[in-house]
Amino acid sequence: MQQASYSIVVPVYNSAKTLEGLCARLVQTFISNGISFEIILVNDNSTDNSWDVIKRIKSNSSDNITAVNLSQNFGQHKA
């Protein structure tokens, strides 16, 4: 994979309901404009099933999505 022109880091906390839509819109926007990108989803120890959704998004994507699961809640800015 070529080096990404853009890196989008998304701190995730209890966002299971919105993650797939967000990622789909981001991917569509970058691909339709021919821009290389990477999306980094950082799960900040969510209490819902956000991590399961992140893993599903990662497994259904190409190499442009990275999943990170933090061991405890560090807060949005540190995530």
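These legends accompany close-up views of a predicted model.

**View 1. The whole protein, from one end of the chain to the other.** Welcome! Start by finding the two helices and three strands that make up the secondary structure of this predicted protein. The protein has 79 residues, and 33% of them count as buried. Take the contacts with a separation of 6 or more: residues 24 or more positions apart account for 78% of them.

**View 2. The open sheet.** Here the three strands lie in the order S1-S2-S3, and their pairing is parallel. Which strands stand at the edges? They are S1 (6–12) and S3 (65–69); each has a single partner strand, so one side of each is left without a neighbour in the sheet. From one strand to the next, the twist averages 15°. Look next at S2, residues 37–43, which pairs with S3 over five bridges in the parallel sense. To find your place in this pairing, look for valine 42, which stands opposite valine 68 in S3.

**View 3. Two helices packed on the sheet.** Helix H1, made of residues 16–32, packs on the sheet and touches S1 and S2. The direction of H1 makes about 165° with that of S2. Helix H2, residues 50–59, packs on the sheet too, and touches S1, S2 and S3. Between the directions of H2 and S3 the angle is about 155°.

**View 4. A tilted pair of rings.** A search of the whole structure finds two aromatic pairs, and this view shows the one formed by tyrosine 6 and phenylalanine 30. A pair of aromatic rings is described by the distance of the centres and the angle of the planes. For tyrosine 6 and phenylalanine 30, the centres are 5.7 Å apart and the planes stand at 45°, so the pair is tilted. Because tyrosine 6 lies in strand S1 and phenylalanine 30 in helix H1, the pair ties together parts that are 24 residues apart in sequence. Are these two residues buried or exposed? Tyrosine 6 counts as partly exposed, at 46% relative accessibility, whereas phenylalanine 30, at 12%, counts as buried.

**View 5. A stacked pair and the aromatic cluster.** Phenylalanine 30 also pairs with phenylalanine 37: their ring centres are 5.1 Å apart and their planes are at 20°, so this pair is stacked. Both phenylalanine 30 and phenylalanine 37 are buried. Together, Tyr6, Phe30 and Phe37 form one aromatic cluster.

Notes:
Residues numbered from 1 in each chain as written. Predicted model: local features only at pLDDT ≥ 70, side-chain atom pairs only at ≥ 80, totals over all residues. Heavy atoms only, no water. Pairing = 2+ DSSP bridges. Helix = DSSP H or I, 4+ residues; strand = E, 2+ residues; numbered from the N terminus. Axes fitted to C-alpha atoms, helices over the stretch in contact; angles between N-to-C directions. Contact = heavy atoms within 4.5 Å. Buried < 20%, exposed > 50% of the residue type's maximum accessible area, 1.4 Å probe, protein only. Phe/Tyr/Trp six-rings, centres within 6.5 Å; stacked < 30°, edge-to-face > 60°.
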